Amino acid sequence: MRPAQTVAMDLLPVPYAGQRTLFRFAHRGASGHAPENTLAAIRQALRFGVEGIELDVRLVEGVPVLYHGRRLEERTNGHGYISEAAFENLRSLDAGQGQRIPTLREALDLIDRRCRVNLELKGPGTGKAAVRVIRYYVEQRGWAYTDFLLSSFDQHELLAVRQRLPSVPLGLLLCGLPLDHCAQALKLGAESLHLSVDFIDPAIILDAHAHGLKVHVYTVNDTEDAMRLQAMGVDGIFSDFPERFAAMGIPACA
Ligand code: G3P
Ligand code: MG
């Protein structure tokens, strides 16, 4: 439960950089530099030496693919709901700069354990489908469960994962701040809370840490924000421009 006394983020004293390191997740790949959730964005993130990459997972004809929105108009030259698209048709679309919508497996093959992978589950069935893929990469391809971090705003999808894979790390995504955010995360056996930068203050971080939970904050593209978050003890940030915070990061795959 959120303590009654909190300090607003803009009331913090001058932050001290470098005291703690920040784990940098490239948000939708390095999406400030290449079309989001594409192999080009992943490649750019890897070039930046990020510690992690966050990717949005949706299901198309049972195949996990990377895409943020519900509708294809959001980021492609296609039309309609992605959940109703035919897989072959989807693959012919332009997701920006000639990139196509990648499958989750294409993304994991490219990443090849060079950093942690945060899969954000978007839509019904994505948890179960992600479990199948993760099992394959752990059992057949030498990955570890801890190379992954599965997060979602949808607790039903997280529960579906937890019931099938007790050892894969989970992160509870929230867009606001419910009274019992820590309890919700602990109930799912999550290792982290993924909170919006709009709802962060020092007491939230202290409280989460007291409950044994890490806090990763989205979406942070501003260096002053990052320094303040770092000063508060935030564990990680999601950024479209992760290279801006290189000095605040930790060595890749440490
Ligand atoms: O996972 C952090 C962030 O990506 C959640 O929101 O809408 O950007 O997927 P969204
Ligand atoms: Mg996301």
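Reply: A polar contact here is a pair of N or O atoms within 3.5 Å; within protein, one must be able to donate a hydrogen and the other to accept it, and residues adjacent in sequence count only if both atoms are side-chain atoms. This is a predicted model, where local features need pLDDT of at least 70 and side-chain atom pairs count only at pLDDT 80 or more, while totals for chains, interfaces and linings use all residues. Residues are numbered from 1 along each chain as its sequence is written, chains are lettered from A and ligands numbered from 1 in the order in which they are written, and side-chain values use heavy atoms, leaving out hydrogens and water.

Start with ligand 1. Glu54 has a side-chain N or O atom 2.7 Å from an oxygen atom of this ligand. For Glu120 the distance is 2.7 Å, again from a side-chain N or O atom to a ligand oxygen. For His27 it is 2.8 Å. Taken alone, ligand 1 exposes 290 Å², and the protein buries 89% of that. These areas come from the Shrake-Rupley method with a 1.4 Å probe; for residues, only the protein chains shown count as cover.

Next, the shell. A residue is near a molecule or strand if one of its heavy atoms lies within 4 Å of it. Around ligand 1 lie His27, Arg28, Glu54, Asp56, His68, Glu120, Lys122, Phe153, Leu173 and Tyr218. They divide into 3 nonpolar, 2 polar and 5 charged. Ala, Val, Leu, Ile, Met, Phe, Trp, Tyr, Cys and Pro count as nonpolar, Asp, Glu, Lys and Arg as charged, and the others, Gly among them, as polar.

Now the metal. The magnesium ion, ligand 2, has Glu54 (OE), Asp56 (OD) and Glu120 (OE) as its protein donors, 1.9 to 2.2 Å away. Donors are N, O and S atoms within 2.8 Å of the metal (3.2 Å for Na, K and Ca); water is not among the atoms, so sites may look incomplete. Along the sequence, the spacing of the donor residues is E-x1-D-x63-E.

A cis peptide bond joins Tyr218 to Thr219, with omega about -20°.
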